[in-house]
Every structure is written in C-alpha cells, then in structure tokens.
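The points below may be read in order, with the structure at hand.

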Amino acid sequence: MDKRYKLTRHKLTLLLFLIALIAELLYIKSYNVSYFISPDGFLYSNITENFLQGKGLMNTLNFVQGDDGVVRAIAKTRDYVVGPVYPMLLALVYGVFGFKSYGMVILVLHAVLGAGSAVFAYKAGELLFGKGYAWIPYGLTLGYPLFAFWGMYVLTEATFVFSISLFLYLSALYAEEWNRPKIKTLLLLGAAIGISNLVRPFLLLYFPVLGFWILWTQRWRWKIALRDFAIIVMMTAIVMSPWWIRNGIKYHQFISVSNYGSYEFYVGNNPLSITDEYFYFAQPSYDPEVKARIEKLPILEQEKEYKQLGMSYILQHPIQFLQRTLDKEKNLFWQPITHNDGQFYKMQGYTLDNWYLLLGLLGVFLSLIYLRKYSFLLLFTIYYSFIVSMITVVPGARYRLPVMPAMILLGSLVVVIALKGIAKLSSAKRRKGRRA
C-alpha cells in the first residue's frame, strides 16, 4: 500500500509538472520575441563561455547599454565574481545547443525552472492547506504574469524564484514535522539556503531570523532548536564552502558569493539620495571629491570603501536609516507595476500585479491570526523586503519577484478561508432546507 501510494504521488507530481511546463511554454510563445537580454545577461553568458573553454568561471569582457538601448561589449575593466549556480546551468544549455543559444535558455532552462516553482507551490500548499486546496497556490503561481515576463530574460530571476520556492516548501515541511523533524529535512533546508545564496546572496543575513523562528516553532526548547539550527547552518556552509575556497585561492580574500554591490549599498544608504525614485546613477553622492578619490582605487578597494561609507551612515544615524528603509519599502519595493512601465517593457497582464499584492496583503493580516502555522511566510516577507530596501534604491517588479512565492501562499490563505466559508454557508442552508 505504501509503495502504491508513493507511486501515485510521483505520478501526480509529474502530471503537475507537465501541466505547468505547458503553461510556461504558452507564456513564452505569447511574446513576440524569444528572449530579452541585458548587460547582466551578457555577463553571465561570457562567464559561461569562458568556463566551457576551460578558463574557469571568470569574465573576459564587460558590457554596457547605450542610450539607444543596444548592449555593447567593451574591454574588461573589472573582474566580476558572481554566484556559480546560474552560469553552471547556462553551461548545461550551451553544452547541448551551442554558445549564445539565448532562446533555448528560455525555452528549456527557464521553462523547466518555472514549472518546478509551481510544483513546489503545490507541495507547500498541500502542507499548509491540505490536498483539496493545494491547487490554489499552484494556479496562482502559474497565473502570475511577472514570473513569465522576467523568466523571458537571460538572468537569474527564474533560478532564484525556483530556489526560494524550494526553500519555502522545505520550511513548511519543517513546520509540519516540528515535534520530530527528520534529519533529511534539516539537511535539505540547509542545502536549499546554500544553493539560493549561490544564485543571489540575499539569504546570507537570514540566519538570525531563521534561528528565532526555529526556537519559537520548537516552543522554546533550546536544546532541540540549537541542534536543528546547527545542522541547517552546517549544511549551508558545506554547500557554499567550495565557492569560498575557490575565491580564497583565486583572489586571496574571503568573498562569500560576489564581489560587487557595495556601490548600490552606498547609494541606498546615502542621506542625500531620494527614496521614491529609482535610477541610482542619477542619485547624488556624499561628496564628489570622495567619490572621485574612491574610483581611482583598485576594484576590491572600491568595494571596501563604499561598504564602509554605507555602514558609517547606518551606525551614525540608525533612526534615519530605519525611516529611509521603510520609505523605500513603501515608495518602491511594494509599489505595483505602473501603466507606463507595463507598456514600455511590453509586459502581458501586468495589471494583475495589483490584485496579487492586495491578495497577499490580506493574507499577511490573516496570517497574524494563524501565526504559528504561517509565521515563516510572514518573517521571510518582512525580512526580504527590508533587506532589499536597505541595500539599495530599487523599484518593485524584478526586485520584488523573489518574495512573491511567499505572497502567493499568503494570498492562497485568503482564498482557502473564503472557499471554506462558502462551503459552510451552503451546508447550513441545506440543513435548514431539510428541516423545513
């Protein structure tokens, strides 16, 4: 019976994946171009080509986008270190279809990752709401148009959404097993955090939040909570350590994931920068003379100087830092796609973003009532929006995308409660009719 049950579950998972994959391919077909690519996309592609040619995960060209929108290659001015997961996935596609097969990256890699994200939404929904309602987050995931739009870019977005969806599913599994968590679940959760960080390092600062959540979930049983937390952290370190060792050998310093981002951090925490408009190159700086001095330094020294400037502001003005970060959340991160942006970027169905945000926000309030079950979604949502808004000055859409799997699960809670309420009303009316 157990084997038959497992076989049935595997067949259902495969069916869900195939349905989601067809939906992803239909999304791709609906766009009049086979892919979008930016300077970041060309950078990832260049790193992948060098890797396949035996030069290692390094870039040999830099790319800039001109006022005419055309991306051009320029001589290498800096050596970018980026997380290795996405270039390695590109290498799989290029190994089969050839270099610069951007269309196949979207058609094969991103479609598969997008379908996988929907399956994890179903699995998480099954744990949170029960099998009868698991189709709700599955359908909402497939129906969210910005997943499709950013999945059309040769960028890490589809990969990062996939890794976050996996992380949330495993978090839900841990919450389900809280009384007797399986070692396998703890190891997988640690591995998922490590892999996600090697795509984009936004979960690097999550461990204090994770530790608190585990302790609270374990009802303040310190010994069990510390054991679980230690296993997760250990597994994360094991997954990430080959990258740390490689960076230490190559650059003679510790680079956790990437070697850039400090300038954005500096601009994001610059008291002169505005908090309601994105375009950080146009944002003012502390002091043009200071900026000119820093830009004469080697790249790694520049990163260090910009990081120190940003940190000095945070430490000297903590209240203003919190206020500005919350302003950036309100004015940028949580703002839906505007009509102008939707038209300019040729997004399809972008107006649905408003409704998804509203549904997710309602779910946030409902999750406060059922806090023990949905606390991990609430904590992740608060953490991610704060960290992104703290680091830089960015709008919603692309930078909000990785938090949407959590928002969709929270929004699904609203739909589940509504459907259960309708079912109870219908049942009460039928009973009343029979008595009459």
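1. Where is the place of Trp-220? In this predicted model, Trp-220 is found in the loop between α9 and α10 (222-251). Its phi is positive, about 65 degrees, although Trp-220 is not a glycine. With a relative accessible area of 45%, Trp-220 counts as partly exposed.

2. Lys-100, in the loop between α3 (85-97) and α4, has a phi near 60 degrees, a positive value in a residue other than glycine. Lys-100 is partly exposed, and its relative accessible area is 47%. As background, most residues other than glycine have a negative phi.

3. The largest nonpolar core comprises 111 residues, and Leu-377, Phe-380 and Tyr-384 have the most contacts inside it. Helix α4 (residues 102-129) gives the most to this core, namely 14 residues. A second, separate core has seven residues, including Tyr-263, Tyr-266, Val-267 and Leu-332.

4. Leaving aside residues up to four places away in sequence, Phe-380 touches Ile-164, Phe-167, Leu-168, Leu-203, Tyr-206, Pro-402, Val-403 and Ala-406. Two of these partners, Phe-167 and Tyr-206, return in the next point.

5. Aromatic pairs number 40 in a search of the whole structure. In one of them, the ring centres of Phe-167 and Tyr-206 lie 5.6 Å apart with the planes at 85 degrees, so the pair is edge-to-face. The pair links distant parts of the chain, with Phe-167 in helix α7 (residues 157-176) and Tyr-206 in the loop between α8 (183-199) and α9 (207-217), 39 residues apart. Phe-167 and Tyr-206 are both buried.

6. Phe-167 also pairs with Phe-380: the centres are 5.8 Å apart and the planes stand at 55 degrees, so this pair is tilted. Because Phe-167 belongs to helix α7 and Phe-380 to helix α17 (residues 371-391), the pair ties together parts that are 213 residues apart in sequence. Phe-380, like Phe-167, is buried. Ring pairs extend to a cluster made up of Phe-160, Phe-167, Phe-202, Tyr-206, Phe-333, Trp-334, Phe-380, Tyr-383 and Tyr-384.

7. Arg-372 has its charged end over the ring of Trp-216, 4.3 Å from the centre. Arg-78 lies over the face of Tyr-80, at 4.6 Å from the ring centre.

8. Which residues of α16 are buried? They are Asp-353, Tyr-356, Leu-357, Gly-360, Gly-363, Val-364 and Ser-367. These residues cover an arc of only 120 degrees around the axis, which puts them on the same side of α16. Trp-355, Phe-365 and Ile-369 are exposed on the other side. Among the elements covering the buried residues of α16 are α5, α6, α17 and α18.

9. Helix α18 (residues 404-435) closes the list. Its 32 residues reach 46 Å from the first C-alpha to the last, close to the 46 Å expected at 1.5 Å a residue. Its buried residues include Met-404, Ala-406, Leu-410, Gly-411 and Val-416. The cover over the buried residues of α18 includes α4, α5 (135-143), α6 (145-151), α7, α16 (352-369) and α17.

Technical notes. Residues are numbered from 1 along each chain as its sequence is written. This is a predicted model: local features need pLDDT of at least 70, side-chain atom pairs count only at pLDDT 80 or more; totals for chains, interfaces and linings use all residues. Side-chain values use heavy atoms; hydrogens and water are left out. A nonpolar core is a set of buried Ala, Val, Leu, Ile, Met, Phe, Trp, Tyr and Cys residues joined through side-chain atoms within 4.5 Å. Buried means under 20% relative accessible area, exposed over 50%, partly exposed in between (1.4 Å probe, protein chains only). Helices (H or I, at least four residues) and strands (E, at least two) are DSSP runs, numbered from the N terminus. Contact means heavy atoms within 4.5 Å. Rings of Phe, Tyr and Trp (its six-membered ring) pair if their centres lie within 6.5 Å; planes under 30 degrees apart count as stacked, over 60 as edge-to-face and the rest as tilted. A charge sits over a ring if NZ of Lys or CZ of Arg is within 6 Å of the ring centre and within 35 degrees of the ring normal. The expected span of a helix is 1.5 Å times one less than its number of residues. The arc is that of the directions from the helix axis to the C-beta atoms.
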